[in-house]
Amino acid sequence: MNAADILKLYKNSENDALIAAADEVCRNVYGSKVYLRGLIEFSNICNIDCLYCGIRKSNKEVKRYRLSEDEIIDTVSSGTKYGFKTFVLQGGEDPYFTTPVLCGLVEKIKKINPEAAVTLSAGIRSCESYRLLKEAGCDRYLLRFETSDPELHKYLRNGVTLNERLKALDNLRKYDYEVGSGFMVGLPGETEETRIQNALLCRDYNFDMVGIGPFIPHPSTPLADALQMPLELAIRSVALVRLFLPEANIPATTAAGSLSSAGRERMLAAGANVLMPNITPVKYKKDYELYPGKICLDESGFECAGCLEGRVLSVNKFITYERGDSAGFLHGKSAVS
Ligand code: SF4
């Protein structure tokens, strides 16, 4: 389908037709596979004050934590024993994690598990920082833009502009990362047109990974009284992005599972092909509360992997522990070589 056909389907069809088309495109590229990533939330300390975020700098109710290097390495070692081949290290913009500290961590992870892909989600950094992290062995980088509406972005991120975010995403491309981004759905001030533009931005940047989560208002943020929009909107966005980016990796996000018990399954049925169990040590999990009602806080992510198997089977897919590089990224590489 060309872009006009995709948008026509999105705007004019019943949900079922849109979702079936996205599912078919996903299965054509990835079959029935769902890649598993081990998510490690290494710090909830953040210097930024995004209005929607539960761990924003101004939220004084948060019990702050930072995993020690040993805790991170132990978690990766456990994940390796369970067969994980991707580790996603995600944190707030914590000044402790300088480039040398992160490079050292990446190098150690690669020593433990040379085959594994390391994904970092550690905010906007300098070109030099991205270069050094890549040299240290980092494979993938996640930086969600959250909304393609420049004014809304500036407001929600307390002054940080969309352009700064996009510039950083451009810089990541220069260093040959698998580049991930994504957006929230249902933000106050967002319209249907915003959601379409979000998907088009993903297409134009040809992201290798796109994370899409419903916005869930956090009671300790300035957006506490915002309306909770239906999950349906996020499911439709997953389907739209899948149609625009057949070869991207698209996670069924934990936020979807938190808003609705079958939320992740619905995303998997609408074109998502990745799950990210949270393998952060259990004692810290509840303190990384980006939004309220987050699921799976009392069990280790390794137990979650067992539960996820059944959920995935319910949509006729199966879990694989393969590294799962994005098909688009691999094609790009083979085209160059
Ligand atoms: S969204 Fe990220 S950058 Fe913004 S306050 Fe939360 S952790 Fe910090």
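Lys 33 stands opposite Phe 318 in strand β9. Strands are DSSP runs of E with at least two residues, helices are runs of H or I with at least four, and both are numbered from the N terminus. This is a predicted model, in which local features need pLDDT of at least 70, side-chain atom pairs count only at pLDDT 80 or more, and totals for chains, interfaces and linings use all residues. Residues are numbered from 1 along each chain as its sequence is written.

Strand β1 (residues 33-36) runs parallel to β9 (residues 318-320), and three bridges join them. Val 34 has Ile 319 of β9 as its bridge partner. β1 also runs parallel to strand β8 (residues 274-275), joined by two bridges. There, Leu 36 is partnered by Leu 275. Two strands pair if DSSP finds at least two bridges between them.

Together they form an open sheet of three strands, ordered β8-β1-β9, with parallel pairing. β8 and β9 are the edge strands, and each pairs on one side only. Helix α13 (residues 301-313) packs on this sheet and touches β1, β8 and β9. The direction of α13 makes about 135 degrees with that of β9. Angles run from 0 to 180 degrees between N-to-C directions, and axes are lines fitted to C-alpha atoms, for helices over the stretch in contact.

**The six-stranded sheet**

Another open sheet has six strands in the order β2-β3-β4-β5-β6-β7, with parallel pairing. Which strands stand at the edges? They are β2 (38-43) and β7 (209-214); each has a single partner strand, so one side of each is left without a neighbour in the sheet. From one strand to the next, the twist averages 20 degrees. Five bridges pair β2 with strand β3 (residues 86-91) in the parallel sense. Gly 38 stands opposite Phe 87 in β3.

**Helix packing**

Two packed helices are described by the angle between their axes and the distance between the axes. Here are two such pairs.

| Helix pair | Angle | Axis distance |
|---|---|---|
| α3 (residues 69-82) and α4 (residues 99-112) | about 30 degrees | 10 Å |
| α4 and α5 (residues 127-136) | about 20 degrees | 8 Å |

The angle makes α3 roughly parallel to α4. Angles under 35 degrees count as roughly parallel, over 145 as roughly antiparallel, 65 to 115 as roughly perpendicular and the rest as oblique. α3 passes α4 in a right-handed crossing. Right-handed means that the near helix is turned clockwise from the far one by less than a right angle; anticlockwise is left-handed.

Which residues of α3 and α4 meet? α3 brings Glu 69, Ile 72, Ile 73, Val 76, Ser 77 and Thr 80, while α4 brings Leu 105, Lys 108, Ile 109 and Ile 112. Contact requires C-beta atoms, placed from the backbone, within 7 Å. By class, this contact has six nonpolar, two polar and two charged residues. Ala, Val, Leu, Ile, Met, Phe, Trp, Tyr, Cys and Pro count as nonpolar, Asp, Glu, Lys and Arg as charged, and the others, Gly among them, as polar.

α4 and α5 also cross in the right-handed sense. From α4, the contact uses Thr 99, Leu 102, Cys 103, Val 106 and Glu 107. From α5 come Ser 129, Leu 132, Leu 133 and Ala 136. These residues divide into six nonpolar, two polar and one charged.

Definitions and conventions
Contact = placed C-beta atoms within 7 Å.
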